[in-house]
Amino acid sequence: MSRITVENVTRRYGDVRAVDGVSLDVAHGDFLVLLGPSGCGKSTLLRMIAGLVSPSDGRVLVDGNDVTEAPARDRDLAMVFQSYALYPHLTVERNIGFPLRARKQRKADIRRRVAEVADILDLGALLDRRPRALSGGQRQRVALGRALVRDPGAFLMDEPLSNLDAQLRTATRTEITELHRRLGRTFVYVTHDQVEAMTMATSVAVLNRGRLEQLGTPTEVYDTPASAFVAGFLGSPPMNLLDAEIVSRDGRLHAVAEGVDVPLGLDHPSHEGEQVRRPAILGVRPEHLSLRPAADAGPAPEAGGVPNGSAPNGSAPNGGAPNGGAPAATLRGSVRSIENLGSEEIAHCRVGAAEVAVRARRPAGFTVGEAVVLTVRPEHTHLFDRESGRRLVWQPDRDPQVPAARVPVAT
Amino acid sequence: MTNFDAPETPGGRSRTRVVVGHLTLALLGLACVFPIYWLYATSLRRPNDVYEVSPLPWPLSVDSYRTAIDEVDVLRLLLNTTVVAVLTALGQLLTSLLAAYAFAAWNFPLKRVLYLAFVGSWLVPFQVAMLPNYVLLHQLGLLNTLSGVIVPNIVSGLGVLLLRQHLDSFPKELLEAARMDGRSSWSTLWMVVVPNLRAALAALGILLLVNAWNEYFWPALVLQRHNDVLQLGIRSFMSATEGDDWGPLTATAGLACLPIFIIYLLLQRHVVSGFVRSGLR
Ligand SMILES: Nc1ncnc2c1ncn2[C@@H]1O[C@H](COP(=O)(O)OP(=O)(O)OP(=O)(O)O)[C@@H](O)[C@H]1O
Ligand SMILES: [Mg+2]
């Protein structure tokens, strides 16, 4: 029964801000995943919620009660550590019962409760063993058991699966999701593995250098990343990010760069051929790009593709226009390498100075060095501000008299 | 004499190195054992034979032991010595544990300064602290008592130093897990830290016990009026006028060594493992 609220929490270590002004609200029963690269402050944030680290600034609330100063044991939270932190000198049974003994419960009650938990986690046969005599997966389950036994209001987990092999990780992932569904408790789960985040979470908080980049459902975070960082962190390979400029041409807005011309599908009524220029970052997911040989498309670039460096002349921003009717967003470049993932292929192409990954069905039938055209539907493109990295969204002009306001603005 | 390169040179060179290495070690070993052997050999000779140099004491005799037991109350001395050594070692172990736990588990102001002070107290030569301690004992009226021998030695800088090394490598997540599980710092120390530090504690305990057992100078200073501990009992067989009475002297010394030997034999594994491994895992 726990709702966890974090208000503007900061933790400083000397000059380093491990966590920097993060606010979160985890509703009762939510499965919140804290996601981010190594060193971004996930563990520090989790520890502040747990009460193992005290915030330099801000408040932590559990069920509306300010627990910022309360010791860990008074918060009704249980934690599963990355190293599992099982007590090496105690048997599995006593490890699981430890929190109950610390709370001075009756012996018979403890035994009954430990048996229940061991049953849930299928640990019955291992109760007399020491942690040393357990496999990694078994240790992990004992650690879960020790958290479960108290029936806490919320579970905090710090990369609990990172020490397991790939197969076991997938299996345990399902188990934990199942546990969450069954217990209906709040989970706060730290990971740097986006697959875990996407599959387990009801909401994902992406952290970067101690700051909260985005909070949303897995779908939101993946489909509408709030910043270039989130876009470049999620997905494997992640979203392609290219430096581009937004210009208006023939009354329409385009994102252009060397070898790139993407109509944004937005009207920008021309005023005496005036051009709006705005530096931006263009983002396209590898799975939204489709590949075709350059020969099929518009003006053929000269001689069999130019491998690296100098861009084909034919792909200058204005050259992509003659497609007439349906505005096709095109990127022109050449194939640099092809990765075979078994079920599909990733083609790495060079477009201008940038590297672009494309996900394609096997066999895509391209050879290294071949000149290609990549197309994407305009609604599958993302734009980010060059400076702040924030997502750019189109805000329809409220005052049509002031055309200058009709540029994309940062959120 | 490391032989890390042995597999690469399976020929004669590494073979000679092994042989030379073992020979050197054997000689060193002999050099260490010989005085102890000679002590017992002498104590087992007949009183008239104590100056003999034959390597084997023959015929054997326990006369020296009998004399020793008659002249000094060996059993009482043994008991006193045991009390002093055990209490000193236990006291040092406890204070070291508490101090090392505090240093390893918390951050507090002046932590470094305080730690340096502890280590410093170990580096200060005994002779420097001797006089102030003596004066203090005099003022407390503890001279010529066993408490006077024990109390000033209840904290060991070395113990704090060694245990802190062990505790620093103790997994912090275990302490945090105990905290999440509802243990106070105090009960975490006894329920989690101590049981996992048994090897290190045993090793340090033995070290401290042996140190306390072998202490001669400080008891000699505090217990001037009576020879209340074994080490001082040995003194009574030395005299400037009649020369040293080697038979009973070696017998008493031999008896004084025995308890330590026994402890060492029983706990040998702990001693070695405690100093070789540090921490858990
Ligand atoms: N006790 C500490 N003293 C000083 N700096 C610390 C301390 N704990 C964490 N930090 C710093 O705070 C930052 C965030 O650390 P944190 O452990 O929260 O990262 P993380 O996101 O959990 O990384 P990982 O995925 O590698 O576990 C890091 O730069 C780290 O060096
Ligand atoms: Mg971490």
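How much area do chain B and chain A bury between them? In this predicted model, the two chains bury about 1800 Å² between them, and 55% of that area lies on carbon and sulfur atoms. Three residues of chain B deserve mention here: B:E173, B:M180 and B:D181 supply 40% of the area that chain B buries against chain A, more than any other three residues. I quote an area because the size of an interface is often given as the accessible area lost when the parts come together.

Let me turn to the residues in this contact. Chain A contributes 25 residues to the contact, and chain B contributes 16 residues. Between chain B and chain A there are three salt bridges. One of them joins B:D181 to A:R146, with the closest N and O atoms 3.5 Å apart. As for polar contacts across the interface of chain B and chain A, 10 residue pairs are found, with both residues at pLDDT 80 or more.

Which helices of chain B each supply at least two residues of the side that touches chain A? They are α8, residues 172-180, and α9, residues 185-196. Helix α8 of chain B gives the most to that side, with seven residues. By class, the side of chain B that touches chain A divides into eight nonpolar, three polar and five charged residues.

I now move to the ligand. Around ligand 1 we find A:Y13, A:A18, A:S38, A:G39, A:C40, A:G41, A:K42, A:S43, A:T44 and A:E159. Sorted by class, this shell has three nonpolar, five polar and two charged residues. Helix α1 of chain A, residues 42-50, provides the largest share of the shell, namely three residues.

Several of these residues place polar atoms beside oxygen atoms of ligand 1. In A:T44, an N or O atom of the side chain is 2.5 Å from a ligand oxygen. From A:G39, a polar backbone atom is 2.8 Å from an oxygen atom of ligand 1. For A:G41, a backbone N or O atom lies 3.0 Å from a ligand oxygen. How much of ligand 1 does the protein cover? On its own, ligand 1 has 630 Å² of accessible area, and the protein covers 59% of it.

I close with some details of the backbone. Where in chain A is a cis peptide bond found? Such a bond joins A:R362 and A:P363, with omega about -15°. A:P363 sits in the loop between β18 (354-361) and β19 (371-376) of chain A. In chain B, the peptide bond from B:W58 to B:P59 is cis, and its omega is near -5°. B:P59 is placed in the loop between α1 (12-43) and α2 (63-71) of chain B. Finally, A:D76 is a residue other than glycine with a positive phi, near 60°. Its place is in the loop between β5 (65-66) and β6 (77-80) of chain A.

Note on methods: Residues are numbered from 1 along each chain as its sequence is written. Chains are lettered from A and ligands numbered from 1 in the order in which they are written. This is a predicted model: local features need pLDDT of at least 70, side-chain atom pairs count only at pLDDT 80 or more; totals for chains, interfaces and linings use all residues. Side-chain values use heavy atoms; hydrogens and water are left out. A residue is near a molecule or strand if one of its heavy atoms lies within 4 Å of it. A polar contact is a pair of N or O atoms within 3.5 Å; within protein, one must be able to donate a hydrogen and the other to accept it, and residues adjacent in sequence count only if both atoms are side-chain atoms. Accessible areas come from the Shrake-Rupley method with a 1.4 Å probe; for residues, only the protein chains shown count as cover. Helices (H or I, at least four residues) and strands (E, at least two) are DSSP runs, numbered from the N terminus. Ala, Val, Leu, Ile, Met, Phe, Trp, Tyr, Cys and Pro count as nonpolar, Asp, Glu, Lys and Arg as charged, and the others, Gly among them, as polar. Contact means heavy atoms within 4.5 Å. Buried area is the accessible area (1.4 Å probe) that two parts lose on being put together, summed over both. A salt bridge is a side-chain nitrogen of Lys or Arg within 4 Å of a carboxyl oxygen of Asp or Glu.
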